[in-house]
Amino acid sequence: MSQLLEGLYITILGIVVVFSVLAILAIVMDLIGRTERKLVEKEKKKEEVREKKVEPVKVEKKLDEKKIAIITAAILAYLRGKQPKEVPIKRKPSPNWWLSGLITQMEEVENFNYEIGKW
């Protein structure tokens with residue numbers, strides 16, 4: 001009877017330890033989440049202050065359609081030369097591989113037949 005009580009005591013102790021560690025982990029993760037949220041809120045406030053101080057962007061002169069066409073043509077010509085060339089691959093299987101595969105298949109069939117014949 002004492003062995004049963006001792007086993008029950010160890011079981012209860014193990015369950016208490018496991019759930020206490022899980023509770024501690026849950027609390028730590030909650031605290032990390034709260035501190036992370038506070039840091040993000042502080043960063044947002046700083047960004048809002050920075051955005052208010054930003055000067056308006058100056059609008060630059062737009063390119064006309066002719067210049068855009070010339071730049072596009074130059075980029076396409078450059079990229080056309082960078083395309084990889086296709087290399088033809090010729091398959092020439094060796095008769096040794098075929099023979100090895102055939103022998104392996106024959107051995108598997110023979111082993112299968114012997115196993116069936118044992119019944």
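Buried residues come to 0% of the 119 residues in the protein chain; buried means under 20% relative accessible area, exposed over 50%, and partly exposed in between, with a 1.4 Å probe and protein chains only. This is a predicted model, where local features need pLDDT of at least 70, side-chain atom pairs count only at pLDDT 80 or more, and totals for chains, interfaces and linings use all residues. Residues are numbered from 1 along each chain as its sequence is written, and side-chain values use heavy atoms, with hydrogens and water left out.

The chain has three helices and zero strands; these are DSSP runs, numbered from the N terminus, with helices (H or I) of at least four residues and strands (E) of at least two.

How confident is the predictor? The chain averages a pLDDT of 79, and 70% of the residues score at least 70; pLDDT is the confidence in each residue, from 0 to 100. Where pLDDT is low, the predicted coordinates should not be read in detail.

Helix α1 covers residues 2–53 and includes F19. F19 counts as exposed because its relative accessibility is 55%.

Now the charged pair. D30 and R34 both lie in helix α1, four residues apart, about one turn. They form a salt bridge, with the closest N and O atoms 3.2 Å apart; the rule asks for a side-chain nitrogen of Lys or Arg within 4 Å of a carboxyl oxygen of Asp or Glu. D30 is partly exposed at 34%, and R34 is partly exposed at 46%.

Key. pLDDT is the predictor's confidence in each residue, from 0 to 100.
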